[in-house]
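Trainee: Hi! Could you walk me through this one, starting with how you decide that strands belong together?
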Amino acid sequence: MQVILTQDVKGQGKKGQMVKVSDGYARNYLLPKGLATEATKSNINVLKGKRESLEYKIKTETEEARKIADKMKEIEVVIKAKAGGNGKLFGSVTSKDVSEALTAQHHIKLDKKKFVMPDGIKLLGVTEVPVKIYTGITGTLKVKVEEQ
């Protein structure tokens with residue numbers, strides 16, 4: 001019997017896959033527990049529609065991420081902070097500060113978790129911060145820290 005898995009089933013396959021299983025296994029275990037649906041023509045069409053919509057969503061998100069990465073090459077975020085005489089900051093500029101400044105200055109909204117800044121910025125001047133925008137797409141953002 002052909003079934004479409006609605007959840008991951010150990011030993012059978014992942015969610016969304018169409019697999020062939022024995023009739024008894026399908027009728028007595030998979031179907032009653034809601035782990036699978038019968039592979040009728042309408043269910044197969046629904047599965048194809050879901051796959052196509054997921055592919056379209058991934059494609060559009062990837063294009064959007066590439067546009068943001070290209071735009072980030074050209075822009076610079078300016079942040080003002082208090083510093084000592086030798087150019088060291090009192091505290092540091094965190095990824096949250098960079099995210100808020102990027103939104104305020106260039107209207108690009110990114111989550112603070114996407115900025116790769118383990119220790120923050122602790123010196124005045126220009127620093128290039130890597131940004132993980134989307135799976136497999138990274139960009140660099142120039143952050144200029146000026147004295148307040």
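Mentor: Happy to! Two strands count as a pair if DSSP finds at least two bridges between them. Keep in mind that this is a predicted model.

Trainee: Okay, so in what sense do strand E1 and E3 pair, and over how many bridges?
Mentor: Strand E1, residues 2-5, pairs with E3 in the antiparallel sense, over three bridges. One of the residues to look for is Leu 5, whose bridge partner in E3 is Ala 36.

Trainee: What holds paired strands together in general?
Mentor: Strands of a sheet pair through backbone hydrogen bonds, and the pairing can be parallel or antiparallel.

Trainee: And what is the order of the strands in the open sheet with antiparallel pairing?
Mentor: The order is E2-E1-E3, three strands in an open sheet. Strand E2 (18-20) and strand E3 (36-38) are the edge strands, and each of them pairs on one side only. From one strand to the next, the twist averages 40°.

Trainee: Which helix lies across E1, E2 and E3?
Mentor: That is helix H2, residues 41-74. H2 runs at about 35° to E1.

Trainee: How do E4 and strand E8 pair, parallel or antiparallel?
Mentor: Parallel, over six bridges, with E8 covering residues 137-147.

Trainee: Can you tell me more about H3? What span should its residues have?
Mentor: H3 has twelve residues, and at 1.5 Å a residue they should span 16 Å. The end C-alpha atoms are 16 Å apart, which agrees. Just after H3, have a look at His 107, which takes a positive phi of about 60°.

Trainee: Which residues in H3 are buried?
Mentor: Ser 95, Val 98, Ser 99, Ala 101 and Leu 102 are buried. They cover an arc of only 165° around the axis, which puts them on the same side of H3. What covers them includes E4, E5 and E8.

Trainee: Why would residues three or four places apart point the same way?
Mentor: An α-helix has 3.6 residues a turn, so residues at that spacing point the same way.

Trainee: Let me zoom in on one of those. Why does Ser 95 count as buried?
Mentor: Ser 95 has a relative accessible area of 17%, and buried means under 20%. Leaving aside residues up to four places away in sequence, Ser 95 touches Lys 112, Phe 115 and Met 117.

Trainee: And Lys 82, buried or exposed?
Mentor: Lys 82 is exposed, because its relative accessible area is 55% and the cut-off for exposed is over 50%. Lys 82 sits in the loop between E4 and strand E5 (88-93). Not counting residues up to four places away in sequence, Lys 82 touches Leu 89, Phe 90 and Gln 148.

Trainee: How far is Lys 82 from Glu 52?
Mentor: They are 30 residues apart in sequence, and 52 Å apart in space, C-alpha to C-alpha.

Trainee: New topic! How many salt bridges are there?
Mentor: The count comes to four. One of them joins the side chains of Glu 146 and Lys 80, at 2.9 Å from N to O. That pair links distant parts of the chain, with Glu 146 in strand E8 and Lys 80 in strand E4, 66 residues apart.

Trainee: What else does Glu 146 meet in a salt bridge?
Mentor: Lys 144, at 3.7 Å from N to O. Lys 80, Lys 144 and Glu 146 are therefore linked in a network of salt bridges. Glu 146 is partly exposed at 24%, Lys 144 is partly exposed at 30%, and Lys 80 counts as exposed at 51%.

Trainee: And what does Arg 27 meet in a salt bridge?
Mentor: Asp 23, at 4.0 Å from N to O. Asp 23 is partly exposed, with a relative accessible area of 37%.

Notes:
Residues are numbered from 1 along each chain as its sequence is written. This is a predicted model: local features need pLDDT of at least 70, side-chain atom pairs count only at pLDDT 80 or more; totals for chains, interfaces and linings use all residues. Side-chain values use heavy atoms; hydrogens and water are left out. Buried means under 20% relative accessible area, exposed over 50%, partly exposed in between (1.4 Å probe, protein chains only). Contact means heavy atoms within 4.5 Å. Helices (H or I, at least four residues) and strands (E, at least two) are DSSP runs, numbered from the N terminus. Axes are lines fitted to C-alpha atoms, for helices over the stretch in contact, and angles run from 0 to 180 degrees between N-to-C directions. The expected span of a helix is 1.5 Å times one less than its number of residues. The arc is that of the directions from the helix axis to the C-beta atoms.
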